[in-house]
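Have the structure open as you read.

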Amino acid sequence: MIHIKVNNTTHLFKPNVTLDEIIKGLDISVNGIAVAVNENIITKTEWHTKTLNESDEVLVIRATQGG
Amino acid sequence: MLQIADKKYTSRLFTGTGKFSSSQVMREALLASESELVTVALKRVDIEDTQDDILHHINHSHINLLPNTSGVRNAKEAVFAAQLSREALETNWVKLEIHPDPKYLLPDPIETLKATEELVKLGFVVMPYIHADPVLCKRLEEVGVQCVMPLGAPIGSNKGLKTQDFLEIIIDQSNVPVIVDAGIGAPSHAAYAMELGADAVLVNTAIAVSQNPVEMAKAFKMAVAAGRMAFEAKLAPVVHKKAAASSPLTSFLN
């Protein structure tokens, strides 16, 4: 298993896990989100081909209330 | 009709989504305001909370989303935040706000200019939140902003147009729309900004934390429309150092 940080919390995943599998595995609603791996934005079309490595850091953001 | 970039707006009242007591009140107030451009912020997804989705509440055919970069401290972070928002919300519009100082939330002009230059090159429609600085407004115009958003007073202060003299210079000089953002605390402030010739105002706190946000949203809508109408009708000139009779002064009693 490899350690991946998602929004600063460490999770364990199988080696060569894809970003798509991580999003689905954590049950994150995909509507209106953006994802970056190690501060590089990964577009939705690349999620299923982007594989992650040990200690990678994933950032998932979405809109919230603000002025 | 107000035009920013390729978009035309019937309403000159832009609104924010912060500080509302509930999503339902926010939705009703936004609809009552008839605002067509509504700001949202970005945050890290709370993986434990699957109900956490503001878009569900503001998804409406006439509402365009304007993501902001609130929370960033410099140009580099702002560019990253804007790119995230473009991916998340499928819009290349961004309200650029860089205010590293958490006490007064005043925008950093140098980082804002740097970020604007880069974001314009990346194809963004940049709406920069700035101090009411006429020189900075011209510099931003030179690098390709589609509008400027000078503050009337510090964010959330409700103090009104404390920067009036500088707003008037900005309005006089600007070749892009001027949207007064921050500090507008009452419909009269909004009307006054419009009478001065502002192209639009952005209001959040004054609506969201009023006792009745839905009624306050309506009041702002009417104030903005009235202020614009007065500006277009051209105000009567101010008379100094004497009075000017509005009734005939010919004597009629003798």
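Angles under 35 degrees count as roughly parallel, over 145 as roughly antiparallel, 65 to 115 as roughly perpendicular and the rest as oblique. Keep in mind that this is a predicted model.

**Two pairs of helices**

Two packed helices are described by the angle between their axes and the distance between the axes.

| Helix pair | Angle | Axis distance |
|---|---|---|
| α1(B), residues 23–33, and α9(B), residues 213–233 | about 20° | 8 Å |
| α3(B) and α4(B), residues 109–121 | about 40° | 8 Å |

How do α1(B) and α9(B) lie, roughly parallel or roughly antiparallel to each other? Their angle is about 20°, so α1(B) and α9(B) are roughly parallel to each other. The crossing of α1(B) past α9(B) is right-handed. On the α1(B) side, the contact is made by B:Val25, B:Glu28, B:Ala29, B:Ala32 and B:Ser33. Their partners on α9(B) are B:Pro213, B:Val214, B:Ala217, B:Lys218 and B:Lys221. Sorted by class, this contact of α1(B) with α9(B) has six nonpolar, one polar and three charged residues.

Now turn to the second pair. With an angle of about 40°, α3(B) and α4(B) are therefore oblique to each other. Here, too, α3(B) passes α4(B) in a right-handed crossing. From α3(B) come B:Ala75, B:Ala78, B:Val79 and B:Ala82, which meet B:Glu111, B:Lys114, B:Ala115, B:Glu118 and B:Leu119 of α4(B). The residues of this contact of α3(B) with α4(B) divide into six nonpolar, no polar and three charged.

**A serine in α3(B)**

Helix α3(B), residues 75–89, also holds B:Ser85. Is B:Ser85 buried or exposed? Buried means under 20% relative accessible area, so B:Ser85, at 0%, counts as buried. A polar atom of the B:Ser85 side chain lies 2.8 Å from the backbone oxygen of B:Ala82. Leaving out residues up to four places away in sequence, B:Ser85 touches B:Leu42, B:Pro67, B:Glu90 and B:Thr91.

**An asparagine in a strand**

Strand β5 of chain B, residues 64–67, includes B:Asn64. With 23% relative accessibility, B:Asn64 counts as partly exposed. Which residues does B:Asn64 touch, not counting those up to four places away in sequence? They are B:Lys7, B:Tyr9, B:Glu36, B:Leu37 and B:Val38. With B:Lys7, the side chain of B:Asn64 makes a polar contact, side chain to side chain, at 3.3 Å. B:Asn64 and B:Gln83 are 19 residues apart in sequence, and their C-alpha atoms are 18 Å apart in space.

Technical notes. Residues numbered from 1 in each chain as written. Chains lettered and ligands numbered in written order. Predicted model: local features only at pLDDT ≥ 70, side-chain atom pairs only at ≥ 80, totals over all residues. Heavy atoms only, no water. Axes fitted to C-alpha atoms, helices over the stretch in contact; angles between N-to-C directions. Helix = DSSP H or I, 4+ residues; strand = E, 2+ residues; numbered from the N terminus. Left-handed = near helix turned anticlockwise from the far one by under 90°. Contact = heavy atoms within 4.5 Å. Nonpolar A, V, L, I, M, F, W, Y, C, P; charged D, E, K, R; others polar. Buried < 20%, exposed > 50% of the residue type's maximum accessible area, 1.4 Å probe, protein only. Polar contact = N/O pair within 3.5 Å; in protein donor to acceptor, adjacent residues only side chain to side chain.
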